[in-house]
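Have a look at the sequence and the model below before you read on.

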Amino acid sequence: MADATPTRVFVYGTLKRGFPNHPLLAACASPFVGAASTAAPASLVIGPYSVPFLLPTPSSSSSSGHVVSGELYAPSPAALVELDALEGTHIGVYERRPITVLVGGSGEVVEAQAYFAHPSYAEALWRRCGGEEAEIGEYTADHAARYVPIAERAAGAAGLIDAVHRFLATAPDN
């Protein structure tokens with residue numbers, strides 16, 4: 001018997017309305033559920049290409065994270081396949097994981113899924129970005145203005161994971 005509850009996806013960056021990758025959600029006819037935020041604090045940092053990365057609050061830090069703002073959608077199974085491809089889940093860029101969110105003004109608690117930085121590099125990325133000082137609660141239009149679209153990157157989604165590894169291998173500017 002099929003699950004009657006559709007999968008809900010919490011988006012916090014380039015997939016939000018008015019942001020560079022939102023047309024994919026629109027093309028997949030993924031219904032907008034509402035504005036949402038994480039129910040528990042999380043770490044959101046900006047990595048290479050001005051790409052946002054949601055991370056669980058790193059275990060090696062004293063950071064308490066931030067409530068992260070975003071939007072909630074109810075994509076079809078076919079749309080989830082498209083989203084997973086965009087997010088590079090098949091090559092270890094992101095990992096779609098459960099998350100609890102609060103929906104808009106109602107404060108309704110909803111179980112959803114979100115794209116988190118892959119655990120193979122998440123904590124190193126957090127440290128390299130500047131740790132707690134680099135955490136933000138919202139990916140804004142200013143961040144998106146510096147975003148480099150997949151079509152403009154070498155090797156598409158694979159170019160992002162390569163850029164993450166190069167970023168992690170370089171010393172931060174001091």
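Rings of Phe, Tyr and Trp (for Trp, its six-membered ring) pair up if their centres lie within 6.5 Å; planes under 30 degrees apart are called stacked, over 60 edge-to-face, and the rest tilted. With that in hand, find Phe53, Tyr94 and Tyr121: ring pairs link them into a cluster.

A quick word on what you're looking at: this is a predicted model, where local features need pLDDT of at least 70, side-chain atom pairs count only at pLDDT 80 or more, and totals for chains, interfaces and linings use all residues. Residues are numbered from 1 along each chain as its sequence is written, and side-chain values use heavy atoms, with hydrogens and water left out.

Back to the rings. The structure holds 5 aromatic pairs. Phe10 and Tyr12 make a tilted one, because their ring centres are 6.4 Å apart and their planes sit at 35 degrees. Phe19 and Tyr139 form another tilted pair, with 5.9 Å from centre to centre and 45 degrees between the planes. This pair ties together distant parts of the chain: Phe19 is in the loop between β1 (9-11) and α1 (22-27), Tyr139 is in the loop between α3 (122-129) and α4 (141-145), and they are 120 residues apart. Both Phe19 and Tyr139 are buried, where buried means under 20% relative accessible area, exposed over 50%, and partly exposed in between (1.4 Å probe, protein chains only).

Now zoom out. The protein chain has 5 helices and 7 strands; these are DSSP runs numbered from the N terminus, with helices (H or I) of at least four residues and strands (E) of at least two. Strands pair if DSSP finds at least two bridges between them. Strand β2 (residues 32-38) runs antiparallel to β5 (residues 69-73), over 5 bridges, and Ser37 has Ser69 in β5 as its bridge partner. β2 is also joined to β6 (residues 94-103) by 3 bridges, again antiparallel.

Which residue does the UniProt annotation "active site" cover? According to that unreviewed entry, Glu87, though such annotations may be inferred rather than shown by experiment. Glu87 lies in the loop between α2 (77-86) and β6, and counts as buried because its relative accessibility is 11%. Leaving aside residues up to four places away in sequence, Glu87 touches Leu15, Val93, Tyr94 and Tyr115, a contact being heavy atoms within 4.5 Å.
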